[in-house]
Amino acid sequence: MSPTFAAIFAEQWEALPSALKAHYANRPFTRDHVIVEGTLDIEMHPLLRRFSWLIKATGMLTPYEGKAVPVSVHFRSEPDSDAFVFERIFRFAGRDPVTFRSRMVSKRPHHVTEYMATGIGWQAHYDYHEGRVRLRHAGYVWRLFGLDMPLPISGLAGRGDAWEEATGEDRFRMYMELRHPWLGKLYSYGGAFRVTEMRLDG
């Protein structure tokens, strides 16, 4: 069985370096579990810091910022679905661990919707170009009664873009940014990771 993201990257899958193929190794309808570990530098706009309580309550993004924050990321498959579950655990100094969980679903090549706990989904175009996986903003939706309703909030919530790049056989670095059309950068995190565990269990 092919990995979930093989169909998403489509004709570009074979060109991905080994570290990124390991990162995206999970197969659909299995109990596959891949773990990557590393550190992130997290920055927040002063306005966003004021709403950290709301971010914490909704489980979207992280409510704090910091330098070289230790992060473990668990990629999980589900035996009854083709979703790619993305669970990030942030360990801020002096605080309880913060978990940010989302589910990624794709209905066509190069397009992924990442659903948060609130039902809001971030849509992104995925491709591999000049050594980098690029995630480019494609809007927001709200999942209601099994349907995706367009959510025209990019002008308020900002545009999310990201990239990932292999730095070794089992290592990669990444960067994600949420940018508002008037306020500039609202939120970002970037850092380096290593694939530390792969359990491919059908």
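Which element gives the most to the lining of the second largest pocket? Hold that thought for a minute.

Quick housekeeping. This is a predicted model, so local features need pLDDT of at least 70 and side-chain atom pairs count only at pLDDT 80 or more, while totals for chains, interfaces and linings use all residues. Residues are numbered from 1 along each chain as its sequence is written, and side-chain values use heavy atoms, with hydrogens and water left out.

Okay, pockets. On a 1 Å grid over the protein atoms alone, a pocket is an open set of points where a 1.4 Å probe fits, with protein on both sides within 12 Å along at least five of seven lines; lining residues have an atom within 4 Å of a point. Volume here is the space filled by probe spheres set on the points, joined across faces, edges and corners.

The largest pocket comes out at about 1,100 Å³. It has 43 lining residues, and the closest to its centre are Met60, Leu61, Tyr140, Ala157 and Leu178. Strand β10, residues 171–180, gives the most to that lining, with five residues. Strands, by the way, are DSSP runs of E, at least two residues, and helices are runs of H or I, at least four, numbered from the N terminus. By class, we get 36 nonpolar, four polar and three charged residues in the lining of the largest pocket; nonpolar is Ala, Val, Leu, Ile, Met, Phe, Trp, Tyr, Cys and Pro, charged is Asp, Glu, Lys and Arg, and the others, Gly among them, are polar.

Now the second largest pocket, at about 190 Å³. Of its 16 lining residues, Thr4, Ala7, Ile8, Asp82 and Ser106 are the closest to the centre. And back to my opening: α1 gives the most to this lining, with five residues.

On to the aromatics. Rings of Phe, Tyr and Trp (its six-membered ring) pair if their centres lie within 6.5 Å; planes under 30 degrees apart are stacked, over 60 edge-to-face, the rest tilted. That rule gives 16 pairs. Take Tyr24 and Phe84: centres 6.3 Å apart, planes at 45°, so that's a tilted pair. Tyr24 sits in the loop between α2 (18–23) and β1 (33–44), and Phe84 in strand β3 (residues 84–90), 60 residues apart. Both are buried, meaning under 20% relative accessible area with a 1.4 Å probe, protein chains only.

Last one: Arg88 has its charged end over the ring of Phe86, 3.7 Å from its centre. The cut-off there is NZ of Lys or CZ of Arg within 6 Å of the ring centre and within 35 degrees of the ring normal.

Technical notes. Buried < 20%, exposed > 50% of the residue type's maximum accessible area, 1.4 Å probe, protein only.
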